[in-house]
Amino acid sequence: MEAFFGDIVATLNAICKRTGLSYAAINILIYTILAPSTWALVLSLRQRKYTWLLIIHSVCGAWFILNHQKIQTYSQRFYDANIIALEQMGYQYPNLGYIGVSIIAGVVMPIILLILLFLIPIRYALKTYILLILLNISYYVWVLFK
C-alpha cells in the first residue's frame, strides 16, 4: 500500500512540475473538481441532456487553474485541513493509518462512486449525482470548520 501511495505522490509531483501548480492545488483540483467532473461525465454519457453539468464542472476547473495563484493561501489552508482530517481518521483506524485512509478516500471511493453511477437505474442517476455533490461539499465544509 505504501508503494502505491508513493507512486501516486510521485505522479502528482510530476504533474506539479509540468503545470506549475502546487501539490496542494493539484489535490484540490483532483478531488473537488475533477472527481465530481467524472460524475457529471457519467451522467452526461447516460443521458445527453445532462451535458451542461459537465460544462459547469469544466468552467470551474478552468477558473481554478486560471486563478490558482490568487487563491494559493486558501488552497494551502484547505489542503492542510484535509490532511489533518485524513490523519485523524488514520488514528481511528490504526490498521490503515493515514496512507490507507488516503487510498480509500482518494482512489477506492471515487472508483466505487463511478461504478455506482454507471450501474444504478437511470431514473436515480441525477439524484445520486446531486447527493454525491452534496456529500463532497459537506465533507470539505466539515474539514474546514472542524
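Trainee: Is Tyr74 buried or partly exposed in this model?
Mentor: The model is predicted, so the value is computed from its atoms. Tyr74 has a relative accessible area of 43%. Buried would need under 20%, and exposed over 50%. That value makes Tyr74 partly exposed.

Trainee: What about Phe78, buried or exposed?
Mentor: The relative accessible area of Phe78 is 8%. The cut-off for buried is under 20%. Phe78 is therefore buried.

Trainee: Which helix holds both Tyr74 and Phe78?
Mentor: The two residues are four apart, about one turn of the helix. Residues three or four places apart in an α-helix point the same way, because a turn takes 3.6 residues. The helix here spans residues 72-92 and is H4.

Trainee: How many aromatic pairs does the structure hold, and how is the pair of Tyr74 and Phe78 arranged?
Mentor: The structure holds six aromatic pairs. In the pair of Tyr74 and Phe78, the centres are 6.0 Å apart and the planes 25° apart. Planes under 30 degrees apart count as stacked. The arrangement of Tyr74 and Phe78 is therefore stacked.

Trainee: How many disulfides does a search of the whole structure find?
Mentor: A disulfide is a covalent bond between the sulfur atoms of two cysteines. Cys16 is buried, at 12% relative accessibility. Cys60 is partly exposed, at 39%. The search finds a disulfide count of zero.

Trainee: How far does helix H3 reach from its first C-alpha to its last?
Mentor: H3 covers residues 51-67, with 17 residues. At 1.5 Å a residue, 24 Å is expected. The reach is close to that, at 25 Å.

Trainee: What arc do the buried residues of H3 cover?
Mentor: Leu53, His57, Gly61, Phe64 and Asn67 are buried in H3. They sit on the same side of H3, because their arc around the axis is only 145°.

Trainee: Which exposed residues lie on the face of H3 turned away from its buried side, and which helices does that buried side pack against?
Mentor: The face turned away carries Ile55, Val59 and Leu66. The buried residues of H3 pack against H2 (23-46), H4 and H6 (122-145).

Key:
Residues are numbered from 1 along each chain as its sequence is written. This is a predicted model: local features need pLDDT of at least 70, side-chain atom pairs count only at pLDDT 80 or more; totals for chains, interfaces and linings use all residues. Side-chain values use heavy atoms; hydrogens and water are left out. Rings of Phe, Tyr and Trp (its six-membered ring) pair if their centres lie within 6.5 Å; planes under 30 degrees apart count as stacked, over 60 as edge-to-face and the rest as tilted. Buried means under 20% relative accessible area, exposed over 50%, partly exposed in between (1.4 Å probe, protein chains only). A disulfide is a pair of cysteine sulfur atoms within 2.5 Å. The expected span of a helix is 1.5 Å times one less than its number of residues. The arc is that of the directions from the helix axis to the C-beta atoms. Contact means heavy atoms within 4.5 Å.
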